[in-house]
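Reader: I would like a close look at one part of this model, and then an account of how that part connects to the rest.

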Amino acid sequence: MMKMNKLMLSAALLLTACVAHAEKADSSKPTQIDFDQLDADDVKQIKTFTGNVVLTRGTLLMKSPKAVVTEDPEGYQFVVLHSAPGVQATFRQKLDGAGDQWVEGQADRIEYDNKTELVKLYAKARIKKLEGGKPASQVDGEFISYDSRKEFFAVKNTSSGETKPGAGRSTMVIQPSSKLATPPAPTTQPAPGK
């Protein structure tokens, strides 16, 4: 049991180490939402978008059949993306740092809090980190919480966001580092007799 706990801790630390911050400039960009239909309650500050909803803010791209956007008195937005049969909600965002790094996710429901930059993925959730368009790591579970400010993932085995004994298992795949995948450069040997 102790060996299993150490293995799980090691996997969590590896995933945390391979995550970078979300693009900082995104938080100051305007939010654009494309949709087929809108129902807006300006008194309650709730907007319900339906039909091929595409939400864009800087490098952040979120898609779903339905999105409910609530705005608090300070102007922060809370977005809930809903799936439809056969179509999951998705998000994708560029990460700060060197190179072409992205994080993308999908789930039956995605909640995004603009104030805390916290993304919660519920039911059949998956998050991938991409480097140069290639997968670097991937985690699948019933619930995934991704905090881009703190560089922290949490994976739970129920879609309620709790871990329950016997409820199910999650999976993580970590690709070899590009440094390890590159064969070493050949060494030159001095010519005989020199």
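Reader: How many residues lie between β2 and β3 in their hairpin, and which residue in the turn has a positive phi?

Author: The model is predicted. In the hairpin of β2 and β3, four residues lie between the strands, and Gln45 in the turn has a positive phi of about 60°. Strand β2 covers residues 37–41 and runs antiparallel to β3, with five bridges joining the two. One of these pairings sets Asp41 against Ile46 of β3.

β3 has other partners as well. Strand β1, residues 32–34, is antiparallel to β3 and is joined to it by three bridges; here Asp34 has Val54 as its bridge partner in β3. β4 also runs antiparallel to β3, with ten bridges between them. Ile46, the bridge partner of Asp41, has Thr70 as its bridge partner in β4. β3 and β4 form a hairpin too, with two residues between the strands, and in it Gly58 takes a positive phi near 65°.

In soluble globular proteins, nonpolar side chains tend to be buried together.

Leaving aside residues up to four places away in sequence, Phe91 touches Leu60, Leu61, Met62, Val103, Glu104, Gly105, Ile110, Val119, Leu121, Ile127 and Tyr146. Phe91 has a relative accessible area of 2%, which is under 20%, so this residue counts as buried. Tyr146 is buried by the same cut-off, with a relative accessible area of 1%.

The structure holds three aromatic pairs. In one of them, the ring centres of Phe91 and Tyr146 are 6.4 Å apart and the planes are at 20°, so the pair is stacked. Because Phe91 lies in strand β6 and Tyr146 in strand β10, the pair ties together parts that are 55 residues apart in sequence.

Two further ring contacts involve charge. The charged end of Arg92 sits over the ring of Trp102, 4.2 Å from its centre. The charged end of Arg109 is placed over the ring of Tyr122, 3.9 Å from its centre.

How values were computed. Residues numbered from 1 in each chain as written. Predicted model: local features only at pLDDT ≥ 70, side-chain atom pairs only at ≥ 80, totals over all residues. Heavy atoms only, no water. Contact = heavy atoms within 4.5 Å. Phe/Tyr/Trp six-rings, centres within 6.5 Å; stacked < 30°, edge-to-face > 60°. Buried < 20%, exposed > 50% of the residue type's maximum accessible area, 1.4 Å probe, protein only. Lys NZ or Arg CZ within 6 Å of the ring centre and 35° of its normal. Pairing = 2+ DSSP bridges.
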